[in-house]
Amino acid sequence: MAEGALLEPAFLRRLERLRLLARRRFAGAAGRRRSTRRGQSVELADHRAYVPGDDVRRIDWNAYARLEELVLRLFVAEEDLTLHLFLDLSRSMRGEKLEQAKRLAAALAYVGLTGSERVAVAPFAATALAPLPPSRGRRRVGTVLRHLEALAPPAGDVGGTDLRRSVEAFLARRPRPGLVALISDLLDPAGFERPLDRLAAAGHEPVLFHVLGADELDPGAALVDAEGGADLALVDAERGRRVEVTLDAAVLGAYRRRLTRFLAAVDGYAAKRGLVCVRVGGEVAFEDALLTYLRGAA
């Protein structure tokens, strides 16, 4: 997959100028966040594009003379951010939702790598799947995007969601504390709250990207026929259970009330913990949701 296959080139150029949000500083190697330790190494590690608000004393004027573009010098003694892309590959994420999730992950990875952050991919379903270890630098963009493009739900019957087991397996690898972007529909029978609390307790900063399909937000209102109902066979994407239902106004009303309670619970949890929660799907365009987050308005 060529660089940018998951995302429009014009959007990638917009993303390149934006910063990842992180309200904490994380210990690390070279990067664009000034170290909290005293002193500063003179060993040049990398460059990144200048963003308004950066320290102008760190602009590399020699590079500007060559490139006619403002870039900053990055030194070894500075801190960087590790972005862990925690991507849900369970059965309920198939189709439209998985494509949205991949685009989100690709965009975040692109911003991170072009901003000299470390980026890792941690896919999960019933448990943590094979991760892509942290990497850093613009030259890794193609590799990470190809990896994301190839991800798919596990084959066979193993396809449910167990966020708790996935988080524990992730933490068992002792990853560098950083920003954990959880990209998921959050449809876990055991709930999502305790696993996210575990991530925070381990020093990570969780950010929720709640991905929903258009049919989940408006479940088949168009299927209700002139007589007020439609007989359907619904299959639980996580467990494979089949249920026969008559989709009428009463059923739709009950579903929408449960959906409202679910969304309110997600928003309430995020607000209580001080976490960012970005919802994607339906009328919320992918680009609008992501840019709102990256610009700090989420």
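Predicted model: local features only at pLDDT ≥ 70, side-chain atom pairs only at ≥ 80, totals over all residues.
**Entry 1: ground rules**

I number residues from 1 along each chain as its sequence is written, and my side-chain values use heavy atoms, with hydrogens and water left out.

**Entry 2: the chain as a whole**

I looked up the secondary structure and found nine helices and ten strands. Helices (H or I, at least four residues) and strands (E, at least two) are DSSP runs, numbered from the N terminus. The chain has 298 residues, and 48% of them are buried. Buried means under 20% relative accessible area, exposed over 50%, and partly exposed in between, with a 1.4 Å probe and protein chains only. I also looked up the contacts between residues at least 6 apart in sequence: 77% of them join residues at least 24 apart. Contact means heavy atoms within 4.5 Å.

**Entry 3: the sheet**

I traced an open sheet of six strands in the order E5-E4-E3-E6-E7-E10, and its pairing is mixed. Two strands count as paired if DSSP finds at least two bridges between them. Strand E5 and strand E10 (277-280) are at the edges with a single partner strand each, so one side of each has no neighbour in the sheet. On average, neighbouring strands of this sheet are turned by 20° against each other, direction ignored. For such angles, axes are lines fitted to C-alpha atoms, for helices over the stretch in contact, and the range is 0 to 180 degrees between N-to-C directions.

**Entry 4: strand E3**

I checked the cover of E3 and found that seven of its seven residues are buried. In a regular strand the side chains alternate between the two faces of the sheet. Here Thr82, His84, Phe86 and Asp88 point one way from E3, while Leu83, Leu85 and Leu87 point the other way.

Next I looked up the partners of E3. Strand E3 (residues 82-88) pairs with E4 in the parallel sense over seven bridges. Within this pairing, Phe86 is opposite Ala122 and Asp88 is opposite Phe124. E3 is also joined to E6 by five bridges, and these two strands run parallel. The bridge partner of Phe86 in E6 is Leu182.

**Entry 5: strand E4**

I noted that six of the seven residues of E4 (residues 118-124) are buried, so the strand is largely enclosed by the rest of the structure. E4 is joined to E5 (residues 132-136) by three bridges, and the two run antiparallel. I found Arg118 opposite Arg136, and Val119 has Ser135 as its bridge partner.

I then followed the chain from E3 through helix H3 (residues 96-114) to E4, which together make a right-handed β-α-β unit. Right-handed here means that, with the strands pointing away from the viewer, the path from the first strand over the helix to the second runs clockwise.

Two packed helices are described by the angle between their axes and the distance between the axes.

Helix H1 (residues 9-16) packs on H3 at about 45°, with the axes 9 Å apart. The two helices are therefore oblique to each other (angles under 35 degrees count as roughly parallel, over 145 as roughly antiparallel, 65 to 115 as roughly perpendicular and the rest as oblique). Leu12, Leu15 and Glu16 of H1 make the contact with Ala107, Tyr110, Val111 and Thr114 of H3.

Helix H4 (residues 141-150) packs on H3 at about 165°, with the axes 10 Å apart. H3 and H4 are therefore roughly antiparallel. The H3 side of the contact includes Lys102, Ala105 and Tyr110, and the H4 side includes Val141, Leu145 and Leu148.

Helix H9 (residues 286-294) packs on H3 at about 35°, with the axes 11 Å apart. Among the H3 residues that meet H9 are Gln100, Arg103 and Leu104, and among those of H9 are Phe286, Leu290 and Tyr293.

**Entry 6: helix H6**

Last, I looked up H6 (residues 193-201), which lies across strand E6 (179-184) and strand E7 (205-211) and runs at about 150° to E7.
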